[in-house]
Amino acid sequence: MGFLRHVPGARRTDPPQPAPVRKGVGVLGLHEGRTLLVGLDRCRYAYAVAGCDLDPDKIEASRKERPDLFYTADYGELLARPEVEIVAIYTPDHLHGRHVVAAFEAGKDVLCTKPLVNSMEDARRVLEAGKRTGKRLLVGQSTRFFEPFLRQRAACERGEIGAIELLDAHYIHRMDWFYRKSPWAVTETDWVFLGLSHPVDLARWYLGPIAEVHAYSYRSQLGQSVGLKGNDVYIVNLKAADGRIGRVMGHYGLEELPSARNCIELVLYGSKGTSQAQYHDMRYRHTAPDGSEVTEDPLYALRHYYFNSEVHGMHYGEFANYADAFARALLERRDLAPGLEEGLETFCVMEAVRRSAAAGHPTQLQPLLQEAGLA
Ligand SMILES: NC(=O)c1ccc[n+]([C@@H]2O[C@H](COP(=O)([O-])OP(=O)(O)OC[C@H]3O[C@@H](n4cnc5c(N)ncnc54)[C@H](O)[C@@H]3O)[C@@H](O)[C@H]2O)c1
């Protein structure tokens, strides 16, 4: 198999050259997790060793693509394998807390999909276990690792956008298909965690610690028709600790208009320029120094790497990018964001959004950070 490695501007079709020392990854939850299991082929510093799911059909589907790996329905068996050095968790949102704690206690480092947790109780348990065991964690915030968002970040770090003065992010997507495949989404979580975790994380990434949020939320007709426990329409204003401001929006029952609004978008309005990153059309638009608008569109060039040669598809490239970056950071003993504490801080922002929308007034972050044990 040949892939284009993620090196912006570089077109390489050779399989990646494995690094001399690599980290073995065991994946828990083989629906979205199967994407990583396959995507690990693209990595230099990480490789797939095992998969685990309660559902035998999920194991069989993974076995067809990666017959060479160890499979089990018993998480304890996965944790007992010494070649599993990183446990990658893709179980339903409300199970992440207990699965992360078990992995830490088995001496494993953890890659956990978003949202890291969806309750204050789990936030405290995960923080305590992380401190007690000293194991490392990366939250798999896939959007940060998608091509246009990587380009936007690099431009920002080169100073091309200047000081960010306003941020606008959204994740909007019709989710009837998701309720059919994952009924837990109706009763065991809330879209503030399941969906809004993408734009909230983007806001936290660029604005730094958030001090206050003011949110409104609503339950769409689709949400009502499936008996949704929480809400699935959100709009949030956020104020950072340093006074900068942003806006985040989510709607999970709408009819989409994808050419006008991609499902995930981040617009940064800076003192020197403006830029927009999109998922899933892979466009990155930005202002040139003379003010003209530039569009970079690597969708066709990078579709093999990001989407398994389709024009759109699952998350192979982003998942491979974060798994490789995490394994490399572990090997080189470097920090990589978003780690455990930043992930829990972002959970607190989402929980503040939920509480603000329920109460109908702005919510300060400081008391929630204290509740979680972070301050
Ligand atoms: N962009 C992204 O990063 C992205 C995209 C989609 C989903 N997700 C997240 O990934 C997670 C999983 O989502 P999904 O769509 O794959 O859900 P899903 O319901 O399709 O799959 C979850 C899988 O976990 C398995 N499972 C549950 N408990 C288990 C246990 N104790 N041991 C072994 N296997 C167990 C189930 O059998 C199922 O196959 C969620 O937290 C979701 O928010 C992230």
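Q: Which conventions apply to residue numbers and to confidence?
A: Numbering starts from 1 along each chain, following the sequence as written. The model is predicted, and local features need pLDDT of at least 70, side-chain atom pairs count only at pLDDT 80 or more, and totals for chains, interfaces and linings use all residues.

Q: What is the strand order of the open sheet, and what is its pairing?
A: Strands of a sheet pair through backbone hydrogen bonds, either parallel or antiparallel. Here strands are DSSP runs of E with at least two residues, helices are runs of H or I with at least four, and both are numbered from the N terminus. Two strands count as paired if DSSP finds at least two bridges between them. The open sheet has nine strands in the order β14-β13-β12-β11-β7-β10-β9-β8-β15, with mixed pairing.

Q: Why is one side of β14 and of β15 left without a neighbour in the sheet?
A: β14 (293-296) and β15 (363-364) are at the edges and have a single partner strand each, so one side of each has no neighbour in the sheet.

Q: How many bridges does β9 form with β10, and how many with β8?
A: β9 (residues 233-240) pairs with β10 in the antiparallel sense over seven bridges. I235 has M249 as its bridge partner in β10, and N237 stands opposite R247. The hairpin of β9 and β10 has four residues between the strands, and G243 in this hairpin takes a positive phi near 95 degrees. Eight bridges join β9 to β8 (residues 210-218), and these two run antiparallel; S217 is opposite Y234.

Q: Which residues of the largest nonpolar core touch the most other members?
A: In soluble globular proteins, nonpolar side chains tend to be buried together. A nonpolar core is a set of buried Ala, Val, Leu, Ile, Met, Phe, Trp, Tyr and Cys residues joined through C-beta atoms within 7 Å. A residue is buried if 20 or more other C-beta atoms lie within 10 Å of its own, exposed if 12 or fewer, and partly exposed in between, with C-beta atoms placed from the backbone. In the largest core, of 98 residues, A88, A323 and V353 touch the most other members. Helix α14 gives the most to this core, with nine residues.

Q: Which residues does V353 contact?
A: Contact requires C-beta atoms, placed from the backbone, within 7 Å. Neighbours within four places in sequence aside, V353 contacts V192, L196, V213, A215, Y234 and V236.

Q: Is S356 buried or exposed?
A: S356, in α14 (residues 340-359), is buried because 21 other C-beta atoms lie within 10 Å. Beyond four places in sequence, the residues that S356 touches include V213, A215 and T363.

Q: Why is α13 largely enclosed by the rest of the structure?
A: Of its 16 residues, 12 are buried, so α13 is largely enclosed. Among the buried residues of α13 are Y316, F319, A323 and F326. Helix α13 (residues 316-331) reaches 22 Å from its first C-alpha to its last, close to the 22 Å expected, where the expected span is 1.5 Å times one less than the number of residues. R333, which follows α13, has a positive phi near 50 degrees.

Methods: Two residues are in contact if their C-beta atoms, placed from the backbone, lie within 7 Å.
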